Amino acid sequence: MSIASVTTPQQPISLFSRATLASLEKLYLADTRPWIVAFSGGKDSTVVLQLVFEMLLGLGERATKPVIALSSDTRVEAPNVAAYVATALRKIDEAAKALGLGLSTQLVGPTATESYWGKLIGKGYPPPSRWFRWCTSNMKIKPSRRAIDAITRQHGSVILLLGSRIAESTQRGRTMQEREINSRGLNPHHEIPNALVATPIADWTTDDVWEYLVSNPCPWGGNHNFLVSLYRQASGGECPVVFDLNTPSCGGSRFGCWTCTVVKEDKSLQGFIRSGEDHLQPLVVFRDWLIELRDKPGYRSDVRRDGNAGPGPFLPLARQEILDKLLDLETSMAMPLIGDEELAYIQRQWSDEFDFQNRLAVEIAARYGRIIAMPDAGQMTPTAEDDLLEQAAMEAGIDPDLLRQALDIRRKGFPSLDKWGAKAQFERAIGDLLDKAARQAEQTIQA
Ligand code: SF4
């Protein structure tokens, strides 16, 4: 079924989705682990959440363990998509409360130190590229992992419900088929301790997904017309809630960041603009300008932070110009694009590096009517290790996510290389990691 042919008949739930519902119910009743449903607002995660909602309704008082719909907001989401997800979460929460379901929602996001503007304007990072993709781990993985860790600490372990489907992409399908699943269809998450993963619509086709969405009323009220129109308007793939780096790059998807410089062309925003959302055009212009700045002479230091020659961070004047233009854009579009805490973090960073009178960012913000209250420095300091790791990656010109993963492999998989054969195995694991990163970069180029 193509998206263009979608209509909204009200049909009874199909036998196929009944079978998925029945297995979900069995899984739910099998233990006391809370469920976390990864909800990006895309069609696949909407189907999973809707099935879970219906299952809870059907279970009534037998439903006793908590279910959390977890979403992430990078703070630089396409504004219309961010508004859609926020509204959907509000409706889900309200409906769940009114119906007495043990379902709640949680929207997570990066701290100021992890945010796009914190890194780019505060620390002078170049806009992310496919080789230096510092954004995903900071803006998506860390915030969602913090939320999962907090739930796991409280309950001992969790089950993550993902909307991944085998038919979605060849690579995804292969990875899913290679998983080791237990008799209940669960597999341990390879990076998150005490988390089991369930993929209830793994065997669904894209047609099944649309069929279900257009044939079944939305249980939290309203309908999926806006979701359908989102898919009609913007091209690109799905961008799930990202828990780990095995998820392919989200750049180029409908649900990516408006600032995404990892892909050549932002198909999502362009699609929205083509279908009439002209007011978003200035965002595209700004994003293209950021890409130009990446290699523009005079904008980046000639010296890396370690003192070696090579493109370093944005220079102080460049960072001030970017902040000024961003606030100008925010004012002209009458749309919030940067938060107060991010502005405060930027001032703190500049004060540490070059603005010894602690005033440049404050003054630029004030020109646009933004008054920054400076919190304690301790509230916004990233962990020393994270900072060092990102700095080292930046100096070496490699992706910090990749370095983080390599370190994880060494720490968790090979705490000692003294054992016979350990060194060779470790080298193979690093080789596999590099192959995977190259494949992902390739996919991003094609996106
Ligand atoms: S959409 Fe682009 S900028 Fe945003 S996290 Fe994904 S790769 Fe990074």
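View 1. The model is predicted; local features need pLDDT of at least 70, side-chain atom pairs count only at pLDDT 80 or more, and totals for chains, interfaces and linings use all residues. Residue numbers start from 1 along each chain as its sequence is written. Strands (E, at least two residues) and helices (H or I, at least four) are DSSP runs, numbered from the N terminus. Strand 1 (residues 35–38) and strand 2 (residues 67–72) run parallel, joined by four bridges. Strands pair if DSSP finds at least two bridges between them. With helix 2 (residues 43–59), the two strands make a right-handed β-α-β unit: pointing the strands away from the viewer, the path from the first strand over the helix to the second runs clockwise.

**View 2. Strand 1 is covered on both faces.** Trp35 and Val37 are buried on one side, Ile36 and Ala38 on the other. Buried means 20 or more other C-beta atoms within 10 Å of the residue's own, with C-beta atoms placed from the backbone; exposed means 12 or fewer, partly exposed in between. In a regular strand, side chains alternate between the two faces of the sheet.

**View 3. Val37 meets strand 4 (residues 158–161).** Its bridge partner there is Leu161. Three bridges join the parallel strands 1 and 4. Beyond neighbours within four places in sequence, contacts of Val37 (C-beta atoms, placed from the backbone, within 7 Å) include Val48, Leu49 and Val52.

**View 4. Helix 15 spans residues 400–413.** Its 14 residues reach 19 Å from first C-alpha to last, close to the expected 20 Å, which is 1.5 Å times one less than the number of residues. Pro400, Asp401, Leu402 and Gln405 are its buried residues.

Conventions: Contact = placed C-beta atoms within 7 Å.
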